[in-house]
Amino acid sequence: MPMLAGFRKSSLGIGDHMWQLAIFALASSVPVGEPKLSVDGEAFGPQRSLTCTWFTNFENSRFEQCQDATGKLLQEGDGASIKCVRDTCAQLDAAARKAADWRKAEPPWGRFAVKLVGRLSLNPREKRYLGDATQTVLIEDITSVSVSK
């Protein structure tokens, strides 16, 4: 049987370095983290755990700041619009109502600390109106909501 240059035949019939190729091929096929995602034409980065400060009142609902394990993700004075998958916006509303003991029909007002699993938009946009933000956070799962102090 012909030998490949640089490979010695072992007692198993496999070149001594062939196991490295097998490991490389296997490692290359395993995804690292969640892939990027596009929702309604907006591109989002990888999934991550976030802690965000959510400001909401009768006319605004946005994250004022978000951070992950690496630190702050939003520019000072900017913020992020909120986009939800499935029923995560309803879950956010219900958790905020419970945390603030909110009994009114309209959406809760205030600042809330929100721990979530989600994604940050990849391409900042121009602000569209007063109180808008240049980024968007896509909420995929709500971990906890509490009233900010």
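Among contacts (heavy atoms within 4.5 Å) between residues at least 6 apart in sequence, 60% join residues at least 24 apart. The model is predicted: local features need pLDDT of at least 70, side-chain atom pairs count only at pLDDT 80 or more, and totals for chains, interfaces and linings use all residues. Residues are numbered from 1 along each chain as its sequence is written, and side-chain values use heavy atoms, leaving out hydrogens and water.

**Overall make-up**
- The protein has two helices and eight strands; these are DSSP runs, numbered from the N terminus, with helices (H or I) of at least four residues and strands (E) of at least two.
- From the N terminus, the order is α-β-β-β-β-β-β-α-β-β.
- Of the 149 residues, 32% are buried. Buried means under 20% relative accessible area, exposed over 50%, and partly exposed in between (1.4 Å probe, protein chains only).
- The protein exposes about 9,900 Å², and carbon and sulfur atoms supply 58% of that area. Accessible areas come from the Shrake-Rupley method with a 1.4 Å probe; for residues, only the protein chains shown count as cover.

**Pairing with strand E8**
- Strands pair if DSSP finds at least two bridges between them.
- E6 (residues 80–84) runs parallel to E8 (residues 135–147), joined by five bridges.
- Cys-84 stands opposite Ile-139 in E8.
- E7 (residues 110–120) runs antiparallel to E8, with nine bridges.
- Here Lys-115 stands opposite Ser-144 in E8.

**Disulfides**
- There are two disulfides, each defined as a pair of cysteine sulfur atoms within 2.5 Å.
- One joins Cys-52 to Cys-66, S to S 2.1 Å. It links distant parts of the chain: Cys-52 lies in strand E3 (residues 48–56) and Cys-66 in strand E4 (residues 61–68), 14 residues apart.
- The torsion about the S-S bond of Cys-52 and Cys-66 is about 115°, so this disulfide is right-handed.
- Cys-52 is buried at 1% relative accessible area. Cys-66 is buried, with 1% relative accessibility.
- Cys-84 and Cys-89 form a disulfide with sulfur atoms 1.8 Å apart. This link is right-handed, with 80° about the S-S bond.
- Cys-89 is partly exposed, at 36% relative accessibility.
- Counting bonded cysteines along the chain, the pattern is 1-2, 3-4.

**Around Lys-36**
- Lys-36 sits in the loop between helix H1 (18–29) and strand E1 (37–39).
- Lys-36 is exposed, with a relative accessible area of 62%.
- Not counting residues up to four places away in sequence, Lys-36 touches Phe-44, Gly-45, Arg-119 and Leu-122.
- Lys-36 and Pro-46 are 10 residues apart in sequence and 5.1 Å apart in space, C-alpha to C-alpha.
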